[in-house]
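Please look over the sequence and the structure shown here before reading on. The briefing that follows goes through them topic by topic.

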Amino acid sequence: FFVPLVPPDGALPSSSNSSIDTMFWHSFTDNPMLMAEIIAHELSHQKLFRLQDIDPLIDPIIHGSAWDSCTIYSPWRDDPRPINGVFHGFIVFAEACKFWYSLIHSGRLSPLEENISKRRFAMLVLQLECAYYSLLNVKFTSDGLEIFDLYKSLLFEQYIPFVKSHKLGELQPFFMELKA
């Protein structure tokens, strides 16, 4: 279920809640690529919440719920965040990167769409790299470590090399907080 939000001018917030299955709140934009990222992002949160209903993915003996204490750096917020918040960000923004990477390689983008895609992709990849290092001292369950390692591989074997080889890190970031 999709619940529209009326965002502040120039922002495109979206949100999910672990206690409400299959529902998320979202802003609206006329740019279908940005709407697609919002949907992929929130769907990924929902999938991760469902996985965590089966396995906490982060060791509860060491970290408790991993939501209670805001102790680690997040590249998406100015304040320290809970482990689970940064872990969720790492996964959902990596999924958004899959979307942008696929678009960039499709060969079907207009110059403007390609510019937005490369700028958004590069910014997210560089943020993911920071999030990865924030999560290095986290003790995961075996399933959680498998998931973390899968996205780490995508980041370091595919995304970062692409950003570096095409010098995408030199592009001006494309923030969802700004209108396209």
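This is a predicted model: local features need pLDDT of at least 70, side-chain atom pairs count only at pLDDT 80 or more; totals for chains, interfaces and linings use all residues.

**Helices, loops and a pocket**

H45 is buried, because its relative accessible area of 14% is under the 20% cut-off for that class. H45 belongs to helix 1, and its side chain makes a polar contact of 3.0 Å with the side chain of H88.

**Helix 1**

- The N-terminal end of helix 1 is capped by N31, whose side chain has an oxygen lying 2.8 Å from the backbone nitrogen of M33.

**Helix 3**

- Helix 3, made up of residues 83-106, has 24 residues and should therefore span 34 Å at 1.5 Å a residue, and this agrees with the 35 Å that separates its end C-alpha atoms.
- Most of helix 3 is covered, since 18 of its 24 residues are buried.
- Just after helix 3 comes G107, which takes a positive phi of about 75°.

**The second largest pocket**

- Rolling a probe the size of a water molecule over the atoms shows where empty space is left.
- The second largest pocket holds about 160 Å³ of space.
- Its lining is made by 12 residues, and those nearest the centre of the second largest pocket are F49, Q52, S65, W67 and N84.
- Sorted by class, the lining of the second largest pocket consists of 5 nonpolar, 5 polar and 2 charged residues.
- Helix 1 gives the most to this lining, contributing 4 residues to the second largest pocket.

- L57 is a residue other than glycine with a positive phi, near 70°, and it is found in the loop between helix 1 and helix 2, the latter being residues 60-63.
- L57 counts as buried, because its relative accessibility of 2% is under 20%.
- K167 is not a glycine either, yet it has a positive phi of about 55°, and its place is in the segment after helix 5.
- K167 counts as exposed, because its relative accessibility of 53% is over 50%.

**The loop between helix 4 and helix 5**

- L136 lies in the loop that runs between helix 4, which is residues 111-134, and helix 5, which is residues 142-165.
- L136 is partly exposed, because its relative accessible area of 41% falls between the 20% and 50% cut-offs.
- Between L136 and F148 there are 9.9 Å in space, C-alpha to C-alpha, while in sequence L136 and F148 are 12 residues apart.

**Cysteines**

- C97 is buried, because its relative accessible area of 0% is under 20%.
- C70 counts as partly exposed, because its relative accessibility of 44% lies between 20% and 50%.

Technical notes:
Residues are numbered from 1 along each chain as its sequence is written. Side-chain values use heavy atoms; hydrogens and water are left out. Helices (H or I, at least four residues) and strands (E, at least two) are DSSP runs, numbered from the N terminus. Buried means under 20% relative accessible area, exposed over 50%, partly exposed in between (1.4 Å probe, protein chains only). The expected span of a helix is 1.5 Å times one less than its number of residues. A polar contact is a pair of N or O atoms within 3.5 Å; within protein, one must be able to donate a hydrogen and the other to accept it, and residues adjacent in sequence count only if both atoms are side-chain atoms. On a 1 Å grid over the protein atoms alone, a cavity is a set of points where a 1.4 Å probe fits but cannot get out, and a pocket is an open set with protein on both sides within 12 Å along at least five of seven lines; lining residues have an atom within 4 Å of a point. Grid points are joined across faces, edges and corners, and a volume is the space filled by probe spheres set on the points. Ala, Val, Leu, Ile, Met, Phe, Trp, Tyr, Cys and Pro count as nonpolar, Asp, Glu, Lys and Arg as charged, and the others, Gly among them, as polar.
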